[in-house]
Amino acid sequence: MTSLAGELSRLVGQAFAAEGLSEHFGQVQVSDRPDLAQYQCNGALAAAKAAKANPRAIAEKIAARLKAEAIFAKVEIAGPGFLNLDLRDEALNARAAVLAGRPFGATTNGKTVVIDFGGPNIAKPMAVHHLRSSIIGDCLQRLYRANGWRVISDVHLGDWGLQMGQLITEIEIERLAPVYFDPNFAGPYPDEAPVSMDDLETLYPRASAACKADPARLEAARRATVDLQAGRPGYRALWRHFVKVTEAGLTREFASLGVKFDLWNGESSVDALIPPMLEDLKTRGLAELSEGALVVPVARDDDKKPLPPLILVKSEGGVLYGTTDLATVIERVRDYDPDLILYVVDHRQHGHFEQVFRAAAKANLSGKAQLEHVGYGTMNGLDGKPFKTRAGGAMKLYDLIAMARAEAEKRLAEQGIGADFSAEERSEIARKVGIAAVKFADLSNHRTTDYIFDLERFSKFEGKTGPYLQYAAVRIQSMLRKAREQGFEAGLPQVHSPEERKLILQLLALGDWLAAAEEKRAPNMLCEYAFELAQNFSRFYGEHHVLSEPDPDLRAARLGLCALVLAVLTGVLGLLGIEIPERM
Ligand code: ARG
């Protein structure tokens, strides 16, 4: 990915080096005063401090060197020693031509990231935090891929905890599938699942309520969980059915959202790795017994809040969420040797991940991988509480998407969009618009802030919304289609006016934005970029003739600019998981 700020930083860095100063002072960024300059470098101030010299004097020397560079149209010193930089239009044009050839697709950076997101639980309905995790995680996997990483995404199902024992005992008590509980049964167990996804969804709340009301019932569920984990054949067979049935349902839900995973692993996938891990931690003296449980102490002296130890095995023998997460670090390091593992999980689980990461560090389990919890806030309903469907019950992704689609349909009808299209096409547009509304609204907030699910606002065609950006892209598409019909060819983008300059500068900053969004794990930066691009485009389009431009060269350059804006806008929206309809 090209980076204009990077290119300029190298150039200015060389000027610092030529003055005997460290080249890292040459860091260049987009100017925070675009009315004064396109780019700026503040390094002379820091360099002066380090060298105990006068900042302006240093800035003068750097400026003298930079003025000799053909790329700069203007090199100015402002205030105590800020360097203000403008590029020559020819330099912008040359770089825009390169960008137009290949706006996306970095060469591989040789690095691997595992992204753990989605994380729904077997039998339990998906909650809003799973929706947010899916949207944010999917955006990150698209972004990292675009930036040249090898990405392994893992849905990491919750399939190994107490809810499994609760379900198993419920099925036993209700005598729904006695064969799995018969100690004399010699197998093989039936291939057909004794329960459907819908059954599971009604059984689980019943089981969970019964366990809350009755300690003996809870104890039975605990025992069943331990027996399942220990490998009791009937329980394992039953559990495999739960997993299969749930996976089929979840695949459909995720597909409706346009989200794919490389791995459908779960907490249970590391079952075989747990006993040797426990042995190893015990032998190395890292795990110890505490009140009958096996734990890894992870507190540090400088902790502001006391951090409890990571519990690996409970006193009655079951393993926990932290145990599987720790073993999963071992598994991922073994299988992929990643540079980075991102856990896109609700920020309320921060303590859990802190425990797991510290235990992994203590036991030296993470290889070269940096482990990072990418937390996020809550999506609330209009009542300010975590969002639920109107019925107040379980949220299903496809119900939510159906809602978003219905809202989109209403809006499209209001705007008179697609009135003459086939019903099929209209419905496909509504699907894309509905998903764009939900995803963009989610991603455009900084991920750590809570926000209110307000479908009406998200679905507007004006303002900072997904549908607005889709519409902006569709309009450019249709203009380019008309150009082709009229036999107009697009050329290379060129600066001829302030609006074109601004647009091209923004296009050339694409690589820098993608890099920054990656570094901060901040999808909202992509939303910001796309929105600004659409606005800059609309200003340009308001001021300039394109199809009606009589000068063929100018028209070709403008068409080229439009095509590049479209490619970049489509690409960035693609990273957000938003598709552009053919027409609207
Ligand atoms: N199943 C968990 C939940 O519902 C999320 C799993 C996140 N991933 C992980 N490796 N812990 O909260």
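In the predicted model, Ala210 is partly exposed, with a relative accessible area of 24%, a value that falls between the 20% under which a residue counts as buried and the 50% over which it counts as exposed. Ala210 belongs to helix α7, which spans residues 197–213. Although 40 residues separate Ala210 from Glu170 in sequence, the C-alpha atoms of Ala210 and Glu170 are 8.8 Å apart in space.

Two or more lining residues are given to the largest pocket by each of the helices α17 (498–508), α18 (510–520) and α19 (523–543). By class, the lining of the largest pocket comprises 11 nonpolar, four polar and nine charged residues.

The second largest pocket contains about 580 Å³ of space and is lined by 36 residues, among which Asn121, Gly158, Gln163, Glu267 and Tyr321 lie nearest its centre. The elements that supply two or more residues to the lining of the second largest pocket are α5 (128–146), α6 (162–173), α8 (215–230), α11 (321–336) and the strand β10 (340–344), with the largest share, four residues, coming from α8. The lining of the second largest pocket divides into 13 nonpolar, 15 polar and eight charged residues.

Note on methods. Residues numbered from 1 in each chain as written. Predicted model: local features only at pLDDT ≥ 70, side-chain atom pairs only at ≥ 80, totals over all residues. Heavy atoms only, no water. Nonpolar A, V, L, I, M, F, W, Y, C, P; charged D, E, K, R; others polar. 1 Å grid on protein atoms, 1.4 Å probe; cavity = no way out; pocket = protein on both sides within 12 Å on 5 of 7 lines; lining within 4 Å. Points joined across faces, edges and corners; volume = space filled by probe spheres on them. Buried < 20%, exposed > 50% of the residue type's maximum accessible area, 1.4 Å probe, protein only.
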